[in-house]
Amino acid sequence: MSNINKLFNSELKVINIGLEKFYQDLKEQKVQVINVDFRPTAGGNKKMASLLSKLM
Amino acid sequence: MSKVIYEIRKNTYYDSVTLMLISKEVEKIEGVHEALVGMGTDLNKELAEKLNILTDEIKEIGPNDFFITLLADENVQIEDIVKEVDRMLTEKRKNSDSDYMPPTLNSALENQPESNMVLISVAGEYAADEARKALEKGLHVMIFSDNVSIEDEKELKQLAVEKGLLMMGPDCGTAIINNVPLAFANAINKGNIGIVGASGTGTQEVTVVIDKLGGGISQAIGTGGRDLHEEVGGLMMLQGIEALKDDPNTEVIVLISKPPAAKIAEKILKAVEGIKKPVVVNFIGGDKETIEKYGVYAATSLEDTARKAVALSKGMDVKDFEGFDLSDEEIEKIVKEEIEKMDKDQKYFRGLFTGGTLAEEAIQIVSKAVGPINSNIASNPELKLKDVNKSEKHTCIDFGEDEFTVGKPHPMIDPSTRAERIVQEAADGEVAVILMDFVLGYGGHEDPVGETLPKIMEAKEKAEKAGKHLCIISSICGTERDPQDIVESQKRLEEAGVIVMPTNAQAARLAGLILKEITN
């Protein structure tokens with residue numbers, strides 16, 4: 001069975017990164033969801049972010 | 001005398017939609033002339049500069065720093081504004097204040113290890129990186145954000161195909177997975193119709209009509225609007241078709257997209273050609289005969305797509321639907337009554353839409369009755385509006401396009417720009433019919449009708465004072481289980497003299513009939 005068909009047979013569990021409204025909406029519907037308190041890596045400095053991602 | 005006052009908070013992050021909505025509220029405070037509340041991104045600094053409220057200190061901050069800046073009367077104190085902004089921020093967070101919010105995808109996974117879907121709506125420049133991380137961890141992804149390069153999209157989708165995962169988007173507004181609406185989607189009955197849609201509001205309208213007709217949805221997979229472009233090659237639509245083909249809960253498959261590149265259309269149609277489940281295809285405005293050659297059902301509108309899918313799902317006869325729920329006599333009566341109230345100068349159509357595909361469908365239907373329609377989304381350069389803020393002759397506007405959404409939330413979240421435009425159109429004595437959509441469901445504004453009604457009434461009054469009758473026709477894309485109250489929404493519109501039709505296609509068709517009758 002493909003991963004997508006496996007997903008269709010599982011309970012949806014969501015990680016939300018971004019608009020908190022989407023998190024609230026899912027929570028309201030009793031969907032299991034966790035919200036990431038997102039900040040751009042390295043304060044949005046792309047070069048630094050790319051160096052960091054190599055380290056992580 | 002006015003002055004510019006500001007506040008900066010280093011390393012304090014809030015999402016852009018929250019801040020845009022708060023900016024709007026701050027502007028309403030007495031004594032405030034211009035205001036911007038945002039993160040220190042280049043875009044926000046540019047916006048502040050345009051409003052002449054950019055200070056040297058704000059120029060120096062970064063995208064993780066938060067600022068408030070405003071032009072206000074001398075007696076307005078920044079401390080009072082800050083207090084008000086904080087109150088609004090707390091208000092918006094009230095339901096989740098005590099929830100633990102991990103700082104990264106990795107830490108979220110540690111806290112919720114059984115997660116299987118990542119919904120990404122951060123600024124486009126960061127979205128691809130987050131999606132890549134998620135796919136590499138074997139998670140399905142939906143990217144709501146736009147402004148992701150097509151190269152990144154292709155690479156992400158190739159990675160998803162390799163791993164057998166969903167990579168919905170970028171710019172994917174709507175999906176319903178396992179009956180859970182993600183981003184902008186409606187509360188829809190569970191059922192046996194599976195959808196793969198490259199268009200957000202297109203998918204919303206089809207699912208809503210399916211629900212109204214007593215059918216239901218197994219899955220609605222979104223692909224993002226560029227999936228069927230030649231560069232991406234329909235990777236996610238093909239992946240979605242494959243999954244629905246093997247899904248025992250899906251008995252009918254529906255594909256929705258704006259007309260794809262010819263080569264890609266062929267690839268998609270070949271992929272569904274041999275499938276044992278019935279397939280309904282709506283390549284909005286696509287050639288019916290070409291589609292039917294592949295042994296699938298071609299739909300003529302979003303409503304027709306839903307009707308065919310429901311008929312197939314219940315083993316009933318499949319017919320084209322291009323009419324109305326109301327009888328011919330009832331429709332004739334409406335047309336006659338509306339025209340009688342108008343004066344002889346009124347002849348033009350104005351479509352004001354928050355949903356892109358709904359605007360597209362309206363243009364197709366109404367233009368059959370009135371001829372070419374100018375628009376900000378016209379592919380024909382001759383019909384492209386020179387100034388999106390000024391309608392010319394017959395005009396239809398999609399307020400979700402970039403021209404209207406830089407520094408402002410999408411009109412489905414904040415309908416105010418569209419609402420203002422209704423009054424502007426009413427001032428044009430040659431306008432006869434205004435056609436509008438109201439999109440309900442999760443993700444959107446809590447009461448789009450309530451937010452727009454005062455402007456509808458103002459527009460109607462304005463026209464009346466000038467001896468005109470402004471005909472406003474609308475449809476509501478929503479179900480009774482959506483967070484907004486659809487019954488109450490319809491009632492309030494009708495009380496304000498708006499004609500509410502059951503679907504976008506029927507609303508557009510009625511507008512076309514009225515306009516045609518006027519010119520005859």
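# A first look at chains A and B

The domain assignment divides chain B into domain 1 (2-93), domain 2 (105-313) and domain 3 (328-519). Welcome to this predicted model, in which chain A and chain B meet in a contact that takes 32 residues from chain A and 44 residues from chain B.

**Chain B as a whole**

- Counting its secondary structure, chain B has 19 helices and 19 strands. Its radius of gyration is 24 Å, close to the 24 Å that the globule rule gives for 520 residues, so chain B is as compact as a globular protein of that length.
- Along the principal axes, a box of roughly 70 × 65 × 40 Å holds the C-alpha atoms of chain B.
- Buried residues make up 52% of the 520 residues in chain B.
- Take the contacts in chain B between residues at least 6 apart in sequence: 69% of them join residues at least 24 apart.

**Where domains 2 and 3 of chain B meet**

- Between the C-alpha centres of domain 2 and domain 3 of chain B there are 28 Å.
- On the domain 2 side, 21 residues are in contact with 23 residues of domain 3 of chain B. Strand 8, helix 8 (200-212) and helix 12 (302-313) of chain B each supply at least two residues to that side of domain 2.
- Helix 8 of chain B gives the most to this side of domain 2, with seven residues.
- Sorted by class, the side of domain 2 that touches domain 3 of chain B has 10 nonpolar, seven polar and four charged residues.

**Where chain A meets chain B**

- To return to the contact between the chains, it involves 32 residues of chain A and 44 residues of chain B. The elements of chain A that give two or more residues to its side are helix 1 (3-8), strand 1, helix 2 and strand 2.
- Helix 2 of chain A gives the most to that side, with six residues.
- The chain A side that touches chain B divides into 15 nonpolar, 11 polar and six charged residues.
- Strand 1 of chain A and strand 4 of chain B run parallel and are joined by four bridges. Here A:Val14 stands opposite B:Met117, which belongs to strand 4 of chain B.

**A closer look at helix 2 of chain A**

- Helix 2 of chain A covers residues 20-28, and its buried residues are A:Glu20, A:Lys21, A:Phe22, A:Tyr23, A:Asp25 and A:Leu26.
- Within chain A, these buried residues pack against strand 1 (13-17) and strand 2 (32-36). They also pack against helix 1 (16-27), strand 4 (117-120) and strand 8 (180-183) of chain B.
- Just after helix 2 of chain A comes A:Lys30, with a positive phi of about 65 degrees.

- Look for B:Arg350 in strand 14 of chain B, which spans residues 348-353.
- B:Arg350 counts as buried because it has 27 C-beta neighbours inside 10 Å, where 20 or more are needed.
- B:Arg350 and B:His394 are 44 residues apart along the chain, and 6.0 Å separates their C-alpha atoms.
- Leaving aside residues up to four places away in sequence, B:Arg350 touches B:Ser391, B:Thr395, B:Glu425, B:Val431 and B:Ile434.

How values were computed
Residues are numbered from 1 along each chain as its sequence is written. Chains are lettered from A and ligands numbered from 1 in the order in which they are written. This is a predicted model: local features need pLDDT of at least 70, side-chain atom pairs count only at pLDDT 80 or more; totals for chains, interfaces and linings use all residues. The radius of gyration is taken over C-alpha atoms; the globule rule is 2.2 Å times the number of residues to the power 0.38. A residue is buried if 20 or more other C-beta atoms lie within 10 Å of its own, exposed if 12 or fewer, and partly exposed in between; C-beta atoms are placed from the backbone. Two residues are in contact if their C-beta atoms, placed from the backbone, lie within 7 Å. Ala, Val, Leu, Ile, Met, Phe, Trp, Tyr, Cys and Pro count as nonpolar, Asp, Glu, Lys and Arg as charged, and the others, Gly among them, as polar. Two strands pair if DSSP finds at least two bridges between them. Domain bounds come from an automatic or database domain assignment.
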